[in-house]
Amino acid sequence: MPKVEQALSGVVIFVTAARAGSFTSAADQLGITKSAVGKSIAKLEERLGCKLFHRSTRSLGLTVDGEAYFASCSLAVDEVLAAEAFLTSNQKTPSGRLRIDLPAAYGRSVVLPVLLDILEANPDLKLTVTFNDSVIDLIEEGIDLSIRFGALKDTSGLVARRLAVQKQIICAAPRYIQKHGYPESPGDLQQHRCIVNYRRGQRVSWTVLDESGELARITPPGTHEVGDGDAIIAMAAAGQGICQMPNSLIRDHLRDGRLVPVLEKYAPDDVAIHAVWPQTRHLQPKVRRVVDELIARAERGDLS
């Protein structure tokens, strides 16, 4: 074995043993014998000219020199292993648990079918899926991947990939229009029954264009306050009021005439849909697989 390769092997074994706290556990993790671990550590100590471990029959601990060496080497070993995993990821089948957070209605109707197709082709992949219309801290919550609508406010420590855009459409059932009439301007909504999204104890405002064509946010009357997109659509289709929802969620209702658009000239510009994940030096194969598939579907127009 060349000297450089020997040295790198010794460092990896040392870091593994330090983390495991046992030569036996390190040997199991590395797939070698306990004796091989001991010999490698002894050679490393001889080369460095210092003891790295306090050894006893009951415990294994780092010396002061060992602590300093571990602090210097552990991150480097992680980088090397991560780079190797990244470079070989194309040959790996995505596996392990993927934690993904999705907007409730959009996630169920648009993204979940994509995930089911991916699971069919990758049986070693396991999902933990949450449906949440509120913005959460991905890093704090341990989320691998999220789908978000609209402008991204805080992206520190995150990577975002724009997938698609879609319109937010203000609409109502024909029976509602027959009974209450069409609103002629956003201001007219104050005299109408509206079904608004309700998050964290507050009504979610709507985005419209004002008379000068500038984006504006309005808070329509919350005749009904509902915290689920599917329920909002069902109530609107039942003639209970006007709502604003993404085109992808009401496309079938519009096509079949269960809902009709209103205030079309005040419809805002397209809203962006992003895939967002915590920033890492190398993207995990399980995350890459889902992101790549979402990008492919978006290019075919399946996500908007």
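A residue is called buried when its relative accessible area is under 20%, exposed when over 50%, and partly exposed in between, using a 1.4 Å probe and protein chains only. At 2% relative accessibility, Tyr106 therefore counts as buried. This is a predicted model, in which local features need pLDDT of at least 70 and side-chain atom pairs count only at pLDDT 80 or more, while totals for chains, interfaces and linings use all residues. Residues are numbered from 1 along each chain as its sequence is written, and side-chain values use heavy atoms, with hydrogens and water left out.

The structure holds 5 aromatic pairs. Rings of Phe, Tyr and Trp (its six-membered ring) pair if their centres lie within 6.5 Å; planes under 30 degrees apart are stacked, over 60 edge-to-face, and the rest tilted. One of the pairs is Phe23 with Phe53, edge-to-face at 5.7 Å centre to centre and 85° between the planes. Because Phe23 belongs to helix H2 (residues 23–30) and Phe53 to strand E1 (residues 53–55), this pair ties together parts 30 residues apart in sequence. Helices (H or I, at least four residues) and strands (E, at least two) are DSSP runs, numbered from the N terminus. Phe23 is buried at 12% relative accessibility, and Phe53 is buried at 4%.

Tyr106 and Phe149 have ring centres 4.9 Å apart and planes at 80°, so they too form an edge-to-face pair. Tyr106 sits in helix H5 (residues 104–121) and Phe149 in strand E5 (residues 145–149), 43 residues apart, and the pair links these distant parts of the chain. Phe149 is partly exposed, with a relative accessible area of 28%.

Phe14, Phe23, Phe53, Tyr69 and Phe70 form one aromatic cluster.
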